[in-house]
Amino acid sequence: MATVDPTFAAAGSAAGRSSLPSRLHEWAVSVDHKRLGLMYIASGLLFFVVAGLEATAMRIQLAVPENDFVSPQTFNRLMTLHGTTMVFFVGMPIILGFANYLVPLMIGARDMAFPRLNAFSFWMSLFGGLLLYSSFLAAEGLFGGSAAPDVGWFAYAPLTERAFSPGNSTDYWNLAILVSGIGSIGTAINLIATTLCMRCRGMTLGKMPLLVWLNFVVAGLILIAIGPLTAAQIMLLLDRFLGAHFFDSQAGGSAVLWQHFFWIFGHPEVYILMVPGFAYASEIIPVFSRKVIFGYPIMVAASVAIGFISLSVWAHHMFAVGMTPAANTFFAVSTMLVAVPTGIKIFNWIATMWGGKIRFATPMLFCIAFLFQFLCAGLTGVMLACAPFDWQLTDSYFVVAHFHYVLIGGLLFTIFAAIYYWFPKATGRMLDETLGRWHFWLLVIGFNMTFLPQHFAGLAGMPRRIYTYEPGRGFEIWNQISSAGVIFQGAAIAFFLVNVVYSLARGAEAGDDPWDAWTLEWSTSSPPPAYNFEVLPEVRSRRPLWDLKHPDDPDWRYE
Amino acid sequence: MSVATDTAALEWRLPDRGRVAILALITAETAVFTIFVAAYLYYLGKSLGGPTPREVLRLPVAVSILLWSSSVTIHLAVRALRGARLQTFSLWWFLTIVLGALFLAGTGREWYRLIYQEGLTIRTNLFGTTFYALVGLHASHVIVGLTMLTTVFVLSLGGHVKAEHAGRAEVLSLYWHFVDAVWVVVFLVVYVVGR
């Protein structure tokens, strides 16, 4: 099996050890897809901690009725920053980071199609996040407005107009998203070009690993969905700085139009975040079940179908604004339709595990929890797709619980699965299994403690985004359990961070292929050399490493 | 690493990454323009005060023909470059820039007239808001295109553009065709349907 040329690698690392500034400089000017991928993921994790602390502050405020831990104004800012950060500066960088790191390795390429565009896109994304948070430093001092954006993560018009949001805090929100959106589009273009044009010999579209396929679908969705967001942000910018009237209801502008534009982006965005989670599960579950993925072509078709259907469901966020019955029906039906390909995927993952020789390593544990929790998210999703049901529960904590089951129970769990699975490849060291188990179980307990009761608070009538509530309405017990769960989640994240730091220094040596896996990234050394593969590989099946390890019984005989 | 045993016969062709990338960029840009066109159509006739499109807009036939013909000239330029006819390439390429610049001058003249004679600005009403935003978005794409075309032209004057660069020139030409195609939509929406 090909491994790194030892002299080349040694020379590289010796130069890298010279001094801290020169090492940092190397990273800052790097166009290597692996380094950019790791920087994407690291920046995402950094913002994850920040946005997690914001959520913690909100949960402390809501733990008891009529609390005054934070002011109403501060609560609105926390809520806005938490949502905006988690979607744009945690979710997006982490999924794009994994795509960056893994896609070229999995298709047997030496880098992305456009390495410099790749670096540009990453830095745009990072500086977008920094711009959002610099609103704390700059906005108040100059214009006497509020210190941080407080318009909510979807920033409904006309609240964002100059008349209602004076000062510059909303402009920071607006520009941060505009800037990071350009980065996302750049990376999406790069991923599409890489997937189509950089595959090694023999890797036809039908032989690509599912992770590559699913990230290809995601890149397509980014191309179609981020543009409308960018357009809407430009319109808002024109409104706020040049006195245009796009969303100015006093001059005949429409507030509902913003909602349409935002959700034309916003709902595909959910799948942009979630489909990569499916991608990690589709790689990890087969390896830890010791079976090929069940129904590969159906998995690809279902992913593409999810991509298409997700473009036509956006107004299910708007059932309460008073659309026509025909529109309500259309969006209710299309939303329910998306459950079909998603259900197919869940059945395929279960069928992959069925009869397999399952190894319950930490990545697999996270994937199994993902299956359960994501199923809950899907079921509440179908409930909310019924327009009359949604009228009852829209803007309630039931919705908050639903989308946190999607984004934490679904996405975050698969992200952790992916980190535990590919950490050995990226660093050469295994993450500790014992700490990993603590991390996993604490997160399962904490996450479900926090978000399961929110369903009941929502059913009892608790609206989302409120900064406090009166006693005696039946909200207390659910909120107390919910806030208590944060302690477990915080402990889980602490275990994770300790695990990363500890394993980087003391973790067991991983070797090239610690999980006995089948895709090309495991054929090179850990960490891979800058050029990835000494000799570009050639493949004849979907599991090239299986073919290599079992020359007597290769996959290409059966595919 | 060689996984396959017999690959000599395997034909392995992949699409050109420049073409794929520019088509992806065009897809993303199309999404942006679609939203601006949707806003324009949605706000048609919803302005609370004048002036209306019928009162102030004139059909920009001449400049539109100039812009659309630049698609032909850039196509001829790329074809000349592929055939290594460098002089012909420079000529057609320069003509493309001139046509694009004339179009831009036409937009500038139209805006000058609308602002100073008709009193229509982006603040006046919803028509002004959506008109300047949509036409301005297109004009800014023309400016970006002209900047890139001019860069290539300056390089060609120094003799740096050769037949082997035809693929890259073609990528740029695809962007320019897109800008021209968007103008077909803007022309129809703003000056034909919207008037």
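## Exercises on a two-chain predicted model

In chain B, the axes of helix α3 (residues 61-82) and α4(B) come within 8 Å and cross at roughly 160 degrees. This is a predicted model, in which local features need pLDDT of at least 70, side-chain atom pairs count only at pLDDT 80 or more, and totals for chains, interfaces and linings use all residues. Residues are numbered from 1 along each chain as its sequence is written, while chains are lettered from A and ligands numbered from 1 in the order in which they are written.

**Exercise 1.** Work out how α3(B) and α4(B) are oriented to each other.

*Solution.* Start with the terms: helices are DSSP runs (H or I, at least four residues), numbered from the N terminus. Axes are lines fitted to C-alpha atoms over the stretch in contact, and angles run from 0 to 180 degrees between N-to-C directions. Next, apply the cut-off: angles over 145 degrees count as roughly antiparallel, and α3(B) and α4(B) are therefore roughly antiparallel. Finally, look at who meets whom, taking a contact as C-beta atoms, placed from the backbone, within 7 Å. Residues of α3(B) including Leu66(B) and Ile74(B) meet residues of α4(B) including Trp92(B) and Phe103(B). By class, this contact has 15 nonpolar, seven polar and no charged residues. Here Ala, Val, Leu, Ile, Met, Phe, Trp, Tyr, Cys and Pro count as nonpolar, Asp, Glu, Lys and Arg as charged, and the others, Gly among them, as polar.

**Exercise 2.** Describe the side of chain A that touches chain B.

*Solution.* First, the count: 42 residues of chain A are in contact with 32 residues of chain B. Then the elements: α6 (169-197), α7 (210-242), α8 (255-289) and α17 (544-549) of chain A each give two or more residues. The largest share, eleven residues, comes from α7(A). Last, the classes: this side has 29 nonpolar, eight polar and five charged residues.

**Exercise 3.** Are Ala155(A) and Arg290(A) buried or exposed?

*Solution.* Begin with phi: Ala155(A), though not a glycine, has a positive phi of about 45 degrees, and Arg290(A), also not a glycine, has one of about 55 degrees. Now count other C-beta atoms within 10 Å (buried, 20 or more; exposed, 12 or fewer; partly exposed, in between; C-beta atoms placed from the backbone). Ala155(A) is buried because it has 24 such neighbours. Arg290(A) has 12, so this residue is exposed.

Methods:
Two residues are in contact if their C-beta atoms, placed from the backbone, lie within 7 Å. Angles under 35 degrees count as roughly parallel, over 145 as roughly antiparallel, 65 to 115 as roughly perpendicular and the rest as oblique.
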